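Me: I have a new structure open and want a quick tour. Can you walk me through it?

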Protein chains: 2
Amino acid sequence: MRETLGLIGFGAFGRLTARHLSPGFDILAHDPAASDDEGLATLTDLATAAACPTVVLAVPVEALEATLIAIGPLLRPDALVIDVGSVKVKPTQAMDALLPPGVQIVGTHPLFGPQSGKDGIAGLRIAVCKVRGARDARRVAAFCRRALRLKVFQVSPEDHDREAATVQGLTHLIARVLMAMEPLPTRMTTASFDRLMQAVDMVRHDSPAVFRAIERDNPFAAEVRERFFALAGEARGAIGDDRTG
Amino acid sequence: MRETLGLIGFGAFGRLTARHLSPGFDILAHDPAASDDEGLATLTDLATAAACPTVVLAVPVEALEATLIAIGPLLRPDALVIDVGSVKVKPTQAMDALLPPGVQIVGTHPLFGPQSGKDGIAGLRIAVCKVRGARDARRVAAFCRRALRLKVFQVSPEDHDREAATVQGLTHLIARVLMAMEPLPTRMTTASFDRLMQAVDMVRHDSPAVFRAIERDNPFAAEVRERFFALAGEARGAIGDDRTG
């Protein structure tokens, strides 16, 4: 029998996780909102999922704390707990503060989603943050590299969030504004505009919780956002000056 | 001997034009700022270039009126004049108002540039606007379709500018703001962010004159821009509300 892996959260990203981990693990997934396992996992209760040697938390960042409190007493003393949230400073702090002392903890952020990963994830990127147990972080990084063929970046939660504030903060902010302007032209488009809309399409179906995590739970997001708005204001002013100049 | 084609303006777009038209025409190009014909054309004086049966105007939109006044007396009575500017309402009006009565006029906007067209232009798009001579507009459209293998959209100048105000106005505005934020991350990027930066890279080297034409000489650009800024402001407010909520 293969090793079991507990998956807490079986939403869009939980399913993507199950698709790529099911070749190597028997996945026991828990999600009160899920009714169909899609053949990728066995849906089960929280206690059963949390009792696996490895437990992956694929819940919204805003639901993480409640999840940690719920699973704490259900984990094996030597469990390995891994999260997959879009931000890393707050989740890694919460895991370190709320999980029992013997439990090993690794933070990850797969830099892709159901849309950008729909044709396979080989060659895509993942950030891996050591929290408790340097050996486990290296083991997770090696697994991502070898079994999943991802590009792995081992970074601190702070370094991750600083970079993600720009990468994801700007992408989601621009996508949100462009989506509010729809319908947009689809006929006489340029290659550049097509790329812009491809960027939008990749995050279009991300949940509002993902948007909130990126814009609100990343401690560096507000600063990046304000810089974007300030420079947008300058560009607007410059075009106005041109008009009268 | 092959038919000659006069090319007024031998900047980045003029050279791209020469690259794709030189297999079919002997190109006589005029540009006081150009010193090297790159083997694509013969650099010559304005009168010689303007005396060709077909004359392509690849000058900045803001220099078009002066160019039209200069070439008017130099054109053949039955010349065909074609512009390639990024906006169409103002240039087509100017050509109709300033060129001699017998001259045929077609407005075009190749929806690509030196960057997006660097690996070939087959399959890319061009807008063609009839100004004087429906037959010539159809002939230009057919040439673009058959000889250059472009996707051709025959539209009115107004319809073109309304759509381009969004397609190009938004792309260049967003690119300008993102370029002002550089250096941007290149390491832990997402596929969506990569697409966004590809969009930026395609317009990064466009001249300030192209940016001015798109943002200032398109009668619909200001409206689109203001809508973008208003919706960006709303998104900013919504994220702020989330924070305190």
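Reply: Here is a short tour of the interface and then a sheet. This is a predicted model, where local features need pLDDT of at least 70, side-chain atom pairs count only at pLDDT 80 or more, and totals for chains, interfaces and linings use all residues. Residues are numbered from 1 along each chain as its sequence is written, chains are lettered from A and ligands numbered from 1 in the order written, and side-chain values use heavy atoms, without hydrogens and water.

Me: How many residues of chain B are in contact with chain A?
Reply: 56 residues of chain B are in contact with 55 residues of chain A. Contact means heavy atoms within 4.5 Å.

Me: And how many salt bridges between chain B and chain A?
Reply: Six. Each is a side-chain nitrogen of Lys or Arg within 4 Å of a carboxyl oxygen of Asp or Glu. One joins B:Glu226 and A:Arg236, at 2.4 Å from N to O.

Me: Which element of chain B gives the largest share of the side that touches chain A?
Reply: H9(B), with 15 residues. Helices here are DSSP runs (H or I, at least four residues), strands are E runs of at least two, and both are numbered from the N terminus.

Me: OK, the sheet. What is the strand order in chain A?
Reply: S3-S2-S1-S4-S5-S6-S7-S8, an open sheet of eight strands with mixed pairing. Two strands pair if DSSP finds at least two bridges between them.

Me: Which are the edge strands of chain A?
Reply: S3 (42–43) and S8 (151–154) of chain A; each pairs on one side only.

Me: How do S6 and S7 of chain A run, parallel or antiparallel?
Reply: Antiparallel, with six bridges joining them. A:Ile105 stands opposite A:Arg132 in S7(A).
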